[in-house]
Amino acid sequence: MATGTGTTLAPDRPTLGYGREGGQMMWHGPMMGWMWIWSLLGLVVLVGLVWLVFRLTERDRAGNAPGTARRILDERYARGEIDEEEYRRRRAGLA
């Protein structure tokens, strides 16, 4: 529909919805690349946190941190608190 001055009711500018450029800036504009980068970075951080929590809470069957009993046994043997026979017997018991 035209008015007497030659203008139309459909202006030649972006609309607010999914018109020419209005609502599509996030999906087709210059920010699209940044959206993928931030999503990927967020996923990497999330996976890293889950891995960190898993590693910090990991326990062996006895409830100790892995390798702790063996390390203590090795230290006691190195200091001379236990002899070789007792060291071997206790080490076999840990396995």
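This section describes the fold, surface and side-chain pairings of the protein chain.

The model is predicted, so local features require a pLDDT of at least 70 and side-chain atom pairs a pLDDT of 80 or more, whereas totals for chains, interfaces and linings use all residues. Residues are numbered from 1 along each chain as its sequence is written, and side-chain values use heavy atoms, with hydrogens and water left out.

The protein chain contains four helices and zero strands, in the order α-α-α-α from the N terminus. Helices (H or I, at least four residues) and strands (E, at least two) are DSSP runs, numbered from the N terminus. Of the 95 residues, 4% are buried; buried denotes under 20% relative accessible area, exposed over 50%, and partly exposed in between (1.4 Å probe, protein chains only). Among contacts (heavy atoms within 4.5 Å) with a separation of 6 or more, 6% join residues 24 or more positions apart.

The accessible surface amounts to about 8600 Å², with 63% belonging to carbon and sulfur atoms; areas were computed by the Shrake-Rupley method with a 1.4 Å probe, and for residues only the protein chains shown count as cover. A nonpolar surface patch of about 1000 Å² accessible area includes Trp34, Trp38 and Trp51. Patches consist of residues with over 30% relative accessible area and no salt bridge, like charges being joined within 9 Å and nonpolar side chains (Val, Leu, Ile, Met, Phe, Trp, Tyr) within 5 Å. Tryptophan 38 is located in helix H2 (residues 32–57) and is exposed, at 56% relative accessibility.

One aromatic pair was found. The ring centres of tyrosine 77 and tyrosine 87 are 4.5 Å apart and the planes lie at 20°, so the pair is stacked. Rings of Phe, Tyr and Trp (its six-membered ring) pair if their centres lie within 6.5 Å; planes under 30 degrees apart count as stacked, over 60 as edge-to-face and the rest as tilted. Tyrosine 77 belongs to helix H3 and tyrosine 87 to helix H4 (residues 84–94). Tyrosine 87 is buried at 10% relative accessibility, while tyrosine 77 is partly exposed at 34%.

Six salt bridges are present, each a side-chain nitrogen of Lys or Arg within 4 Å of a carboxyl oxygen of Asp or Glu. In helix H3, glutamate 75 and arginine 71 lie four residues apart and are bridged at 3.3 Å, N to O. In helix H4, arginine 88 and glutamate 84 are likewise four residues apart, with an N to O distance of 2.8 Å.
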